[in-house]
Amino acid sequence: MEDCIFCKIVRNEIPSQRIYEDDRYLVFLDISPVNVGHALLIPRQHYADVDSTPPEVLAHLAKIAQKIAPAIVGATGAEAYNITINNGAAAGQMVSHVHLHLIPRFEDDGFHAWHGRKPYGEGEMAATAEKIKEELDRN
Ligand code: 5GP
Ligand code: ZN
């Protein structure tokens, strides 16, 4: 049995405000929301991150997100939403159970997820694209 906070939520060992569930997936409100209504969508099955999640599970997560996010927008009066996955600690993943953030957004809500973008140096953009394509070819 996984000693994971989201697995404990799945097993009802930790209480949560559930907004959707079926036999394989669960959506509950984030305890520390960017905006009211911020929710987390998870598979009941424990996968640590995107890399270890089967593609069909990821596809199903996308399908559920497409249904739930507009309902969050409708219920909160939001104008838009972010669907975000933090994958790996350096990307901000704190809980090692794959999850999608469904975040209702307002024009001036003060949340800036992508602060600090950097310009490419001379030739760096093309070289980077090349390196990534080589990496794809290796797999
Ligand atoms: P991450 O940083 O891993 O992408 O996101 C983890 C999220 O889980 C955070 O936004 C955090 O607020 C939320 N979270 C952590 N512990 C709990 C909990 O016990 N209950 C709920 N509902 N959310 C939690
Ligand atoms: Zn887990």
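Colleague: How are the donor residues of the zinc ion (ligand 2) spaced in sequence?

Modeller: The spacing is C-x2-C-x38-H-x50-H. This is a predicted model, and in it the protein donors of that ion are Cys4 (SG), Cys7 (SG), His46 (ND1) and His97 (ND1).

Colleague: What makes these atoms donors of the zinc ion (ligand 2)?

Modeller: Their distance. A donor N, O or S atom must lie within 2.8 Å of a metal such as this one, and these atoms lie 2.1 to 2.3 Å from the zinc ion (ligand 2).

Colleague: What makes the arrangement around the zinc ion (ligand 2) tetrahedral?

Modeller: Four donors count as tetrahedral if all angles lie between 85 and 135 degrees. Here the four donor atoms subtend angles of 106 to 118°, so the arrangement is tetrahedral.

Colleague: Are cysteine 4 and cysteine 7 buried or exposed, and how do you know?

Modeller: Buried means under 20% relative accessible area. Cysteine 4 has 8% and cysteine 7 has 6%, so both count as buried.

Colleague: Why are phenylalanine 6 and phenylalanine 28 called an aromatic pair, and of which kind?

Modeller: Ring centres must lie within 6.5 Å, and planes over 60 degrees apart count as edge-to-face. The two centres are 5.4 Å apart with 80° between the planes, which makes the pair edge-to-face. A search of the whole structure finds one aromatic pair. Phenylalanine 6 lies in helix H1 (residues 5–10) and phenylalanine 28 in strand S2 (residues 25–29), so the pair ties together parts that are 22 residues apart in sequence. By the cut-off for burial, phenylalanine 6 at 7% is buried, and so is phenylalanine 28 at 2%.

Colleague: Which elements supply the largest nonpolar core?

Modeller: That core has 14 residues, and among those touching the most other members are Val27, Leu61 and Leu100. S2, strand S3 (39–43), helix H2 (55–76) and strand S5 (100–105) each supply at least two residues. H2 gives the largest share, six residues. A second, separate core of 10 residues includes Phe6, Leu40, Ile42 and Val95.

Colleague: What makes asparagine 12 worth a remark?

Modeller: Its phi is positive, about 65°, although asparagine 12 is not a glycine. Most residues other than glycine have a negative phi. Asparagine 12 sits in the loop between H1 and strand S1 (18–21).

Colleague: Is asparagine 12 buried or exposed?

Modeller: Exposed means over 50% relative accessible area. Asparagine 12 has 54%, so it counts as exposed.

Definitions and conventions:
Residues numbered from 1 in each chain as written. Chains lettered and ligands numbered in written order. Predicted model: local features only at pLDDT ≥ 70, side-chain atom pairs only at ≥ 80, totals over all residues. Heavy atoms only, no water. Phe/Tyr/Trp six-rings, centres within 6.5 Å; stacked < 30°, edge-to-face > 60°. Helix = DSSP H or I, 4+ residues; strand = E, 2+ residues; numbered from the N terminus. Buried < 20%, exposed > 50% of the residue type's maximum accessible area, 1.4 Å probe, protein only. Donors = N, O, S within 2.8 Å, 3.2 Å for Na, K, Ca; no water. Tetrahedral: all angles 85-135°; square planar, octahedral: opposite > 155°, others 65-115°. Core = buried A, V, L, I, M, F, W, Y, C linked by side-chain atoms within 4.5 Å.
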